[in-house]
Amino acid sequence: MRLRIAPSPTGILHLGNLYSVLANVLFSHKYNSKLILRIEDTDIQRNKINAIENIYEDLNKIRVNIDESSKNPGLYGPYKQTERIHIYKFYIKKLLKMGGCFFCKCSFKRVNILKKINLLLGDPPTYDGKCLNRNYLTGKIRLKVPKTGICVGDYKINWSNVDMQVLWANSKPTYHFANVIDDQLMKISHVLRGRDWLTSFPKHILINSFLGFNMPKYYHIPLICNKTESKLSKRLDNMGIDSFLSLGIISEAILRYLISLIVCVDVSNISEASSYFNINKLKQQNIHINGKKLILINKMCLHEVVHDVNNVIKSLIREGCFNNVMELCVKKSLILHDTYKLLCFVFWDYKSIKMIFMSNIEYLLLNLLLIEYKKLIIWSKISIQNIHKKITNYLGLKTRTFCTILTPIIGNRHSISLYDVYLIIGQKVVITRISLILEKIYNKLHQHI
Ligand SMILES: [Zn+2]
């Protein structure tokens, strides 16, 4: 069996595309089929620079393995439609000879007005067949659709409601023609694509039957729709993989979320998902992205990917504390960026300490603390807490106000708890940091005198 994914290089691969890509991946994994990547780039005006490269990169990011593509050609290339024009030319001539299409000389304007009127009347926008029997020898080439009868198959529709689709214009094929020819010549056995292609399906059936092709088995799978459920997910469904990564949602989570959506069970990898995969049991309704769920899966995945970040941090923290630090940070993280934020105490940089609120009071208080910390023999949570209690009670300070004053020592207020940080970085480092902060406040205060 052979399946294909056929993106156009016209933009980013968003969640909707990926859903359909992953349905193909699960099918091919389950039935040990070959997965082909075909680039449908005939709409040259809409093609974006670097988009083909981005498609490869994005698929790579979610670890989709492709068996055949331009980069790894098999027997049925080329895999880019713009390199196959000669093939389509041969088949459009054949289709003309078989009586499956005809030349049309109608202007774009005429057809456009016609379709608009159809819509106003509540009818499907279709071409009226004006040139059908004119036997023109030049012009656009349109598919010959029966005027009466019903298209049978998975999708029942009156032929009169099916448009006489343009198959060839400006010396090149349109999507519908190239797509059918390619699936045939690339020996694609199963096509899993979005339900948005369902209305075009009758046209594809016609082209296949005019040319005497063995049709692949088509499955029209649900689409991911625009309704979202949580604030963070506001535009998630239209976003590309890079946008997710930049939000701190890791590729592992995107993959896991989408395959779980396909098989309707929470699964952790492709091979587990493929064991649940049943093409006939895919949801029929369109799917809405649940941002909260995606983020929860992300939270779970973070536990498994922290080792990537670990090497950097290991160089900054004492080896013995390392696991403890990561555990504390990951526990409080929803997205990867949270982990970085929480780790700010590791990447402490006294140059970036905000001095806006630093006044004489803070200076004196930190001096007092420095003396007390230096005196401590046992550096433990209880002994540090006792010092803090003593000072806040004596000065009548609220714990919250007091902790704000200590924030510069741990980096920023997004860190893990103060005492955890203190124990991780140790007495010596805390004392050094306070000394540096004091020096900075001192310089600031004296600048203004
Ligand atoms: Zn016409």
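**Overall make-up**

I counted secondary structure first: the protein has 16 helices and 12 strands. Helices (H or I, at least four residues) and strands (E, at least two) are DSSP runs, numbered from the N terminus. The radius of gyration is 32 Å, well over the 22 Å that the globule rule gives for 449 residues, so the protein is more spread out than a compact globule. I note that this radius is taken over C-alpha atoms, and that the globule rule is 2.2 Å times the number of residues to the power 0.38. Along the principal axes, the C-alpha atoms fill a box of roughly 100 × 50 × 35 Å.

This is a predicted model: local features need pLDDT of at least 70, side-chain atom pairs count only at pLDDT 80 or more, and totals for chains, interfaces and linings use all residues. Residues are numbered from 1 along each chain as its sequence is written.

**Confidence**

I checked pLDDT, the predictor's confidence in each residue, from 0 to 100. Its mean over the protein is 86, and 91% of the residues reach 70 or more. Over residues 229–234 pLDDT stays under 50. For that stretch the model has 13 contacts beyond four places in sequence. Where pLDDT is low, the predicted coordinates should not be read in detail.

**Burial and contacts**

I then looked up burial. A residue is buried if 20 or more other C-beta atoms lie within 10 Å of its own, exposed if 12 or fewer, and partly exposed in between, with C-beta atoms placed from the backbone. Buried residues make up 32% of the 449. Two residues are in contact if their C-beta atoms, placed from the backbone, lie within 7 Å. Of the contacts with a separation of 6 or more, 76% join residues 24 or more positions apart.

Strand E1 (residues 2–5) runs parallel to strand E2 (residues 34–37), and four bridges join them. Strands count as paired if DSSP finds at least two bridges between them. I found Ile5 bridged to Leu37 in E2. With helix H1 (residues 15–30), E1 and E2 make a right-handed β-α-β unit. Right-handed means that, with the strands pointing away from the viewer, the path from the first strand over the helix to the second runs clockwise.

H1 has 16 residues and reaches 22 Å from its first C-alpha to its last, close to the 22 Å expected at 1.5 Å a residue. The expected span is 1.5 Å times one less than the number of residues. Of the 16 residues of H1, 14 are buried, so the helix is largely enclosed by the rest of the structure. Asn32 follows H1 and has a positive phi, near 55°.

**The open sheet**

Four strands form an open sheet in the order E3-E4-E7-E8, with antiparallel pairing. Strand E3 (101–104) and strand E8 (172–173) stand at the edges with a single partner strand each, so one side of each is left without a neighbour in the sheet. E7 (residues 166–169) pairs with E8 over two bridges. Ala169 stands opposite Lys172 in E8.

**Two single residues**

His190 sits in strand E9 (residues 190–194). It is partly exposed, with 19 other C-beta atoms within 10 Å. Beyond four places in sequence, its contacts include Met1, Leu3 and Phe27. Pro216, Lys217 and Tyr219 are also among them. The C-alpha atoms of His190 and Pro202 are separated by 17 Å.

Met300 lies in helix H10 (residues 291–314). Met300 is partly exposed, with 13 other C-beta atoms within 10 Å. Ile335 is 35 residues away along the chain, yet the two C-alpha atoms are separated by 9.6 Å.
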